[in-house]
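Visitor: I am new to this model and would like a close look at one part of it. Please start with a pair of facing residues and go on from there.

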Amino acid sequence: MTYGSGDYTYKVDKDWGKLPDGYEFNQVAGVAVDKEDNVYLYNRSDHQVMVFAKNGDFVKSWDVKFSNPHGMHIGPDGNFYFADRDAHVVLKYSPDQTLLLTLGTYDVPSNTGYEGELMVVPHPAGPFNLPTGVVVSDDGSIFVSDGYGNCRFHKFSPDGALLDTWGEAGKDNPMDFHLPHGIGINKDGLLAICDRENHRIQFTDQDGEFMFIWDGFLQPTDITFGADGEAYVSELQHRISILDSEGNLISRWADESSSSAGHFIAPHGIAVDSSGDIYVGEVLEGRRIQKFIRQ
């Protein structure tokens with residue numbers, strides 16, 4: 001069975017990602033691919049960072065522990081960036097698992113008036129209140145989407161100094177956010193912020209200047225960009241979408257009728273390798289990683 005359409009047609013690799021004894025996938029919140037096409041899964045099991053080869057062979061797991069894995073990113077420098085949602089921090093690690101940088105203060109949320117559930121926060125604040133995603137630009141600037149308990153995204157210098165903060169609480173206007181979730185950078189250097197509960201993706205430049213909106217999504221959770229500038233979007237309501245660099249839909253598939261391979265239950269993270277193959281991490285009842293091979 002094939003999925004997608006046109007030049008973006010895929011087959012699911014049903015056998016990809018077999019685990020050693022004693023391991024399990026428990027909500028794969030974040031997915032990233034390095035320059036060698038190794039695949040990193042940031043998940044909520046006892047082994048929170050798992051590494052797989054492109055062919056699905058298990059390579060290793062990290063020893064590092066997080067409070068609640070959410071979004072992750074591999075920077076241009078080859079270092080790893082993790083949003084640890086419930087600890088209210090973003091962490092930078094070297095490939096040998098050395099902690100290089102901590103953004104935020106462990107277990108200390110910013111004061112936004114957030115009281116839980118999916119509420120529009122009473123008042124925006126600085127970093128962090130349940131941060132969700134992170135991305136790094138070519139010059140090393142770090143951008144964090146923040147998140148469940150806030151309505152903003154933040155820019156940090158490479159050494160961790162807070163440079164600026166943007167976003168307002170709301171559901172209507174540009175730069176209003178209701179749960180900014182995944183965050184990416186397109187080929188033109190624009191930030192793409194998944195405004196999850198507003199069902200849209202907002203684009204700004206790296207100085208926080210609003211540019212445009214893509215809408216029509218079903219709770220977008222993550223976004224990444226391919227070699228030709230195309231965007232891959234995971235959506236919590238059981239589907240993924242692929243758009244060209246102008247925002248035109250070029251491929252989409254969804255099916256919540258079963259948990260069998262190829263169908264989706266709550267896609268949360270998405271990544272693409274050098275061959276154009278797609279990796280989708282699922283949470284809630286999904287609790288798995290799926291690989292789709294481009295045809």
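Which residue in strand 27 does V280 stand opposite?

Guide: V280 stands opposite Q290 in strand 27. The model is a predicted one, in which local features need pLDDT of at least 70 and side-chain atom pairs count only at pLDDT 80 or more, while totals for chains, interfaces and linings use all residues. Residues are numbered from 1 along each chain as its sequence is written, and side-chain values use heavy atoms, with hydrogens and water left out.

Strand 26 covers residues 278-282 and strand 27 covers residues 288-294; the two pair in the antiparallel sense over five bridges. A strand here is a DSSP run of E with at least two residues, numbered from the N terminus, and two strands pair if DSSP finds at least two bridges between them. Both belong to an open sheet of five strands, ordered 1-2-27-26-25 with antiparallel pairing. At its edges stand strand 1 (3-5) and strand 25 (267-272); each has a single partner strand, so one side of each is left without a neighbour in the sheet.

Another strand to follow is strand 9. Five of its five residues are buried (under 20% relative accessible area, with a 1.4 Å probe and protein chains only), so strand 9 is largely enclosed by the rest of the structure. From this strand V89, L91 and Y93 point one way, whereas V90 and K92 point the other way.

On one side, strand 9 pairs with strand 8 in the antiparallel sense over five bridges, and Y93 is the bridge partner of F80. These two strands form a hairpin with four residues between them, and H88 in the turn has a positive phi of about 65°. Strand 9 also pairs, again antiparallel, with strand 10 (residues 99-103) over four bridges; here T102 is the bridge partner of L91. Five residues lie between the strands of this hairpin, where Q97 takes a positive phi near 75°.

Methods: Buried means under 20% relative accessible area, exposed over 50%, partly exposed in between (1.4 Å probe, protein chains only).
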